[in-house]
Structure formats: structure tokens, C-alpha cells
Amino acid sequence: MNRKSTATPRGGPETDVQPPRLDAPVPDDGHGPEGTAAERVGPRAAGLPWWANPRVGLVVVIAVLVLGFSSARPAFLDVELTLVPLQRDIAVFAVVGLAQLAALSLGHMNLAVGRMAALAAFSAGLCYDRFGAPLVVGLVVALVVGALVGALAGGIITATGVNSFVVTLALDFGLLGVVALLYDRFAGGVAFSVRPPGLDALRSDTFSDYCAGSVCGPPVPLLVPFALVALLAVGLFFGRTRQGREILMTGSSPRAARASGIPVGRRIVTAHALSGLLAGLAGFMLATANGAFSASIGESFLLPSFLAPVLGGTLLAGGAVSAFGTVLGATLTSVIQKGLNLLQFEADALQIFIGVVLVVALSLDRIRQVLAERRGVRP
Amino acid sequence: MSTVLDEDMGAGAGQGAGASRRTALSLHRTELVLALVAVAGFGVLAATTGGNILQPGTMQAVLQFLAVPIVVGLAQMVVLSVGQMNLSVGALTGLCAMAAASLMADSGLTPWLALPAALLVGALAGLVNGTLVVLTRINGFIVTLATMSVISGLRFSINGTGTYQDYSPGLVRLGRADVLGLPVVFLVAVATAVLVWFFFARCVAGRMLLASGGNPFAARLSGISNDRSVVLAHLLSGLLAAVAGVLVVALSGSVNASVGDDLLLPSFAAPIIGGVVLTGGVVSVLGTCLAAFIVRLVDVAQAQYGINPRWVDLVVGAVVLGAVLVSQRRGKGSS
């Protein structure tokens with residue numbers, strides 16, 4: 001059993017005494033059944049060999065898959081047909097993964113990523129439709145709405161101490177209704193038909209369409225920089241800023257964090273707001289890529305949002321994240337999806353394959369970790 | 001209103017006796033509150049619709065469509081009892097429904113063979129889930145997320161997006177029949193709930209699941225294999241999801257691969273509203289059934305008043321959060 005071995009103080013006779021502030025009921029760190037202390041420290045801290053790093057494995061697997069797919073179907077390397085849409089997919093799903101990563105950093109979950117994205121996309125669409133706002137304003141509104149909903153989730157979790165799984169599950173239910181009602185009310189259906197100026201360019205152009213003299217840019221869609229900025233920002237936030245480090249510390253041990261004077265509640269709100277903000281960005285990006293602000297945005301986000309960070313080595317237990325790994329995880333799933341599409345697999349076979357890949361990848365990760373730990377013990 | 005069992009359960013085995021009694025007490029109160037809410041909601045609905053809901057036909061429809069949510073909620077509850085989750089519940093219900101329908105329609109089996117085969121499929125899938133969790137030591141959430149993807153792929157591979165109809169007129173007649181005004185499918189769901197209650201209350205294996213969920217360390221010291229508990233819980237969860245799938249087949253008369261798509265969130269809603277805690281060790285069959293009934297009432301109210309169906313999701317979300325908040329508040333008050 002890989003669950004926490006410490007008994008949770010569920011109120012035995014002795015705990016009737018007013019607990020000191022240190023023991024005040026901290027919001028539960030996720031639903032718990034994972035992460036022994038050794039796992040939580042992760043390979044990095046234990047000084048493990050490089051091959052125990054899940055990112056290395058991911059790069060190898062991606063390279064092998066790309067080689068395989070492109071030798072089976074040369075069209076896989078076709079820029080217009082495959083590579084450009086592939087980059088767009090990767091960009092969107094990397095941001096979705098980063099949104100989940102922000103919640104995972106605490107050991108929390110955000111089951112409402114998809115619905116937060118939908119609400120954010122709705123508000124952007126509303127701005128364009130009702131107020132004729134320029135493209136940038138819609139983006140900012142989407143980010144703000146996402147962040148506010150995320151902060152609301154974080155606030156409820158902090159104020160009530162209810163498990164993040166339950167809170168975001170309830171929020172998901174709630175937003176599911178709200179988004180549909182809003183589209184009914186304001187869009188008279190399921191989508192806004194408006195296209196603000198610039199949206200089409202953002203949707204279909206790549207940098208190769210923009211030339212300075214005779215030098216044109218690479219065939220990279222205009223959406224990709226959004227994901228790069230998000231990646232850099234998240235990486236720097238968790239790696240370099242005080243707030244980010246404090247969130248990670250809260251994730252690895254809320255009690256220790258509280259004892260070290262970290263405002264745990266506020267950090268939980270921050271992390272969830274970040275998660276909502278990134279979900280909002282993903283919603284905006286998907287709406288742009290689809291060319292429509294519709295109620296169905298975000299419906300397919302839940303599974304990929306966990307796939308990307310978990311494949312990339314982010315633990316569900318909290319306290320350790322890998323932003324770059326998340327992008328690799330998103331790349332892996334998108335490459336598989338595109339490749340199988342080209343090989344004309346049906347959608348059902350695709351789902352089976354992705355599920356199997358996830359299990360295999362995680363099992364290999366586990367085996368690698370066990371091997372590496374054994375080697376680490378025996379110097 | 002006889003949706004309920006006469007007893008409850010709630011015991012954190014492996015904790016102190018006082019804690020266990022307190023958990024039981026708090027659960028009792030949760031169930032009492034839920035029962036009151038259910039009765040009050042039903043009364044209000046009956047009064048405001050001018051007794052419309054009390055018409056035999058309406059009442060039967062209410063209970064008929066309560067059967068699947070109850071069983072699916074129980075399927076989730078069983079894994080929650082050991083502190084695990086099963087995200088594949090909805091997809092598995094769909095797969096078992098499709099398997100049963102396919103065996104009857106394509107292979108020409110009688111329901112007597114096809115339905116047990118579907119149950120076997122569910123149990124096997126559950127076994128795979130549990131084994132994967134134990135062998136890989138990956139969080140059950142992630143494992144079942146992956147198997148959910150696989151299972152829903154399999155579900156579509158049986159018949160694509162096609163629909164099975166007319167697979168067994170006898171079975172469908174049975175699914176729509178009623179005994180003394182109570183639909184057969186509902187009675188099956190209640191019987192399933194009684195069995196699950198009996199399993200957790202009186203069977204050694206059930207007590208072991210609760211012990212593993214409540215405090216795995218103590219459970220291990222008492223000679224209980226936590227791994228076995230996890231596998232058993234997932235297996236039972238798969239079996240119950242298959243029961244739900246069979247109920248769908250009997251009830252609806254036509255099934256396609258989208259069955260189960262909308263069951264995942266309700267499967268969590270029922271036990272969570274019912275007072276089951278996510279960390280394991282506590283189950284409440286009565287609470288889960290009552291919660292499913294309350295969610296069903298919201299549905300019925302929507303239909304009766306002609307409200308936009310989207311409000312249902314909103315209300316259910318609020319109810320989930322509200323129920324957890326209330327029980328949390330009460331928990332703090334009593335300690």
C-alpha cells in the first residue's frame with residue numbers, strides 16, 4: 001500500500017483538547033493514496049543517475065515514435081498537413097497540462113480545468129460579440145476570468161478545508177450548467193459566430209507567412225509563442241520566485257510550511273488562481289485554433305491535463321513539478337494521436353492506445369525509479 | 001419512498017473506538033439530514049405539481065431511472081472505502097451494456113448467458129484495475145484514468161457508433177415491468193444495495209476493506225493484506241458497474257456506445273453527498289442511495305417545472321459542495 005502511513009487525526013478522544021495552531025486542520029493534501037516520503041523527494045534529490053529522469057525517457061520515446069511514424073507514412077513530416085497542426089495541438093495541450101500542474105504542485109487536483117477554460121472562452125467571445133473588443137482585450141478578459149474562477153476554487157478549499165477533488169468536482173458540475181446557460185442567454189445557442197479582426201491570422205498563420213525582405217520565419221504557428229511564454233512563466237515561477245517555492249513547500253508538507261511561516265491559505269489560492277489563469281489561456285487558444293467560441297471548449301481537457309504533467313514526472317502528491325516535462329508529455333500524446341490518425345486508426349483504437357501508453361509509460365517510470373533507488377543505495 | 005435500507009454503516013475500523021463511534025454518529029446524522037431533505041423535497045414536489053408526481057406512471061418513471069444512479073454510486077463507494085477512486089466506472093457501465101447487447105443481438109445468446117457474461121466482463125476489468133494499482137504502485141486515480149480511456153475505446157470498438165435494438169423483447173419487458181407498483185429494475189438496485197450493505201456490515205472481507213481504508217498501517221499490523229483489499233475493492237466496483245450496465249440494457253431497449261458518458265460525475269456525487277469520505281474507511285450505503293434519490297428529485301423537478309435542464313448540473317454541484325460543507329461543519333462542532 002502506497003498510502004500515507006501516518007494516521008490522520010480524525011478526532012480521537014485525546015484530540016478533544018484545543019489543538020495548538022500548528023495542528024490546526026490543514027486542507028487535506030489531495031486525496032492521499034500516493035507518495036511515500038521516498039517518492040516525494042524524487043530522483044533529483046536522491047542524486048540518482050540521469051537515466052532515472054523521466055524527461056530523458058520521454059525524449060527517447062518521442063524520437064522513436066517520430067522516426068517510426070515518418071518511415072511508415074512520409075506524410076508525417078509534411079509541414080502543412082501534419083507539423084503545423086501538430087504544433088498547434090501541442091501548444092494547447094501543454095498549456096492545459098500546465099494548468100493542471102499548478103494544482104498538482106500543491107498535491108491538489110483541478111477537475112474543473114475544462115469548464116474553467118469554457119467559461120474563459122465564453123467571456124472572451126462575449127467581449128468580441130457584444131462590445132466589439134479587439135483581440136487582445138478578449139485574451140486579457142479570458143485570463144482574468146480564468147484566474148478569478150481558479151481563485152474562487154482555491155478560496156473555497158482554504159476557507160472550508162474540503163478536499164480539492166470534491167470542490168473542483170462540484171465546481172465542474174456548477175460551471176457545466178453556468179456555461180451552457182450563458183451561451184443560451186447571450187449567444188442564442190452553443191457558439192458565438194463573431195470573428196474579431198486578427199483571429200483568423202492567429203488561427204491559421206505561421207511565422208513563415210511573415211517575411212522581412214527575403215528572410216521568412218520558421219513554419220511555426222502563431223499560437224506556439226503563447227505556450228512558450230506560459231512554459232517560461234510557470235518554470236520561472238516555481239523555480240525562481242519565492243511564491244512558487246513556497247507553494248511547492250506547501251505541497252510537500254502543509255504543516256511544515258505553516259510552521260515555517262508560509263501563509264499556506266494564500267499560497268493555495270495563488271496556485272489555484274494560476275491553474276485557472278492557464279486554463280483560461282488554454283480555452284482562448286483552443287477557441288482560436290477552432291475558430292469558434294463554443295460551449296464544447298474544454299470538454300476533452302480532463303484526461304490530457306493529467307496525462308501531460310504525470311508523464312513528465314510531476315507527482316500527484318505535490319511538492320515537485322516539471323514544467324518542461326509537461327510540455328514533453330503533451331508532445332508525446334499529440335504525436336501518438338497525429339501518427340495514429342495518419343495510419344488511419346479509428347478513434348476507438350486511438351483511445352485504447354493512449355490508455356495503454358499511459359499505463360506502460362508510468363510502469364516503466366516506476367521500474368526505472370526502483371532500479372535507480374537500488375543502485376543509489378548500493379554505492 | 002422505500003428507496004432506503006433500514007440500517008446504516010459507518011465504522012473506521014482500526015481507529016479508536018471513540019473515533020469510530022463518532023464517525024458512525026456523524027454518519028447517522030448525515031443520513032438523517034439526507035432522509036429529511038429527500039422527504040421534504042418529495043413533499044414539496046408533490047404539492048407544487050398538484051400530486052402529478054404521485055400518479056402511478058410518474059412514480060414508476062422516477063424509480064426506474066433511479067436504479068442506475070444508485071448502483072453506479074455504490075460502484076464508486078466500494079473503491080472509496082479503501083481510499084481509491086475509479087474513474088472508469090462510467091465507461092465500464094457502457095462497455096458491459098454494449099457487451100451484453102452485442103452477445104444477444106450479434107451472437108444470439110439468451111439473456112441467461114449474455115447477462116452473466118457482461119457481469120464477468122465488468123469483474124475482469126475491475127480485477128485488471130486493481131492488479132495494475134497494486135503491481136505498479138501508481139496512484140489509482142491515474143491508473144483508472146488510463147483504463148477509462150482503454151475501456152471507452154473498447155466500448156466503441158464493439159459496434160462503432162451503431163445502436164443495438166430489439167436484442168431481447170423478454171428482457172426489456174422485464175426491465176419495464178413492476179411488482180406492486182415498484183419497477184423491477186429498481187428492486188434489483190435495492191437488492192444490490194442490500195447485498196453491498198451486508199458485505200460491509202457482516203462479512204469479514206468487507207470489514208477488512210474498511211480496515212485497510214481507515215488505517216492501512218494498523219490493518220497491516222492486524223494481518224490484513226492491503227493489496228488484496230485494493231484488488232477486491234476494484235473488482236467489486238467493476239462488478240457493480242456491470243450490474244448498472246445490465247440494468248441499462250434491460251431498461252432502455254436500445255443501447256449504443258455513448259452509454260455511461262454522463263455517469264462519472266454522478267457516481268462521485270452520490271457517495272460524497274451521502275457522507276462517504278474520500279480518504280477511505282467509511283461507507284454509507286443508505287447515504288449513497290438517499291443522495292442518488294435527491295439528485296433524481298432535482299432531475300424530476302426540472303422535468304415537472306419545465307426548467308432548462310442545464311440548471312440541474314448547477315444545482316447538483318451546489319448540493320455536492322453544500323453537503324460536504326455541512327458534514328464538515330458538523331464534524332468540527334462535535335469534536
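The model is predicted: local features need pLDDT of at least 70, side-chain atom pairs count only at pLDDT 80 or more, and totals for chains, interfaces and linings use all residues. Residues are numbered from 1 along each chain as its sequence is written, and chains are lettered from A and ligands numbered from 1 in the order in which they are written.

**The two chains**

- Chain A has 14 helices and 4 strands. Helices (H or I, at least four residues) and strands (E, at least two) are DSSP runs, numbered from the N terminus.
- Chain B also comes to 14 helices and 4 strands.
- In chain A, 51% of the 379 residues count as buried. Buried means that 20 or more other C-beta atoms lie within 10 Å of the residue's own; exposed means 12 or fewer, and partly exposed lies in between, with C-beta atoms placed from the backbone.
- In chain B, buried residues make up 59% of the 335 residues.
- Take contacts in chain A between residues at least 6 apart in sequence: 78% of them join residues at least 24 apart. Two residues are in contact if their C-beta atoms, placed from the backbone, lie within 7 Å.
- For chain B, the figure for such contacts is 78%.

**Helix 3 of chain A**

- Helix 3 of chain A covers residues 79-104 and has 26 residues.
- At 1.5 Å a residue, helix 3 of chain A should span 38 Å, and its end C-alpha atoms are 35 Å apart, which agrees. The expected span is 1.5 Å times one less than the number of residues.
- Helix 3 of chain A is largely enclosed by the rest of the structure, because 20 of its 26 residues are buried.

**Val113 of chain A**

- Val113(A) sits in helix 4 (residues 113-131) of chain A.
- Val113(A) counts as buried, with 32 C-beta neighbours inside 10 Å.
- Beyond residues up to four places away in sequence, Val113(A) touches Val96(A), Ala99(A), Gln100(A), Ala279(A), Phe301(A), Leu302(A) and Ser305(A).
- Val113(A) and Leu315(A) are 202 residues apart along the chain, and their C-alpha atoms are separated by 18 Å.

**Helices 12 and 13 of chain A**

- Helix 12 (residues 302-311) and helix 13 (residues 323-342) of chain A pack at about 120 degrees, with axes 6 Å apart. Axes are lines fitted to C-alpha atoms, for helices over the stretch in contact, and angles run from 0 to 180 degrees between N-to-C directions.
- That angle makes helix 12 of chain A oblique to helix 13 of chain A. Angles under 35 degrees count as roughly parallel, over 145 as roughly antiparallel, 65 to 115 as roughly perpendicular and the rest as oblique.
- The crossing of these two helices of chain A is right-handed. A crossing is left-handed if the near helix is turned anticlockwise from the far one by less than a right angle, and right-handed if clockwise.
- From helix 12 of chain A, Pro304(A), Leu307(A), Ala308(A), Pro309(A) and Leu311(A) meet Thr326(A), Gly329(A), Ala330(A), Leu332(A) and Thr333(A) of helix 13 of chain A.
- Thr314(A) lies in the loop between helix 12 and helix 13 of chain A, and Thr314(A) is buried, with 27 other C-beta atoms within 10 Å.
- Thr314(A) and Pro54(A) are 260 residues apart in sequence, yet 9.6 Å apart in space, C-alpha to C-alpha.

**Where chain A meets helix 12 of chain B**

- Helix 12 (residues 264-273) of chain B is largely enclosed by the rest of the structure, because 9 of its 10 residues are buried.
- Helix 6 (residues 164-187) of chain A and helix 12 of chain B cross at roughly 125 degrees, and their axes come within 11 Å.
- These two helices are therefore oblique to each other, and their crossing is left-handed.
- The contact uses Val166(A), Leu169(A), Asp172(A) and Phe173(A) from helix 6 of chain A, with Leu265(B), Phe268(B) and Ile272(B) from helix 12 of chain B.
- Just after helix 12 of chain B, Gly275(B) takes a positive phi of about 100 degrees.

**Arg137 of chain B**

- Arg137(B) lies in the loop between helix 5 (111-136) and helix 6 (140-159) of chain B.
- Arg137(B) counts as partly exposed, with 19 C-beta neighbours inside 10 Å.
- Phi of Arg137(B) is positive, near 60 degrees, in a residue other than glycine. Most residues other than glycine have a negative phi.
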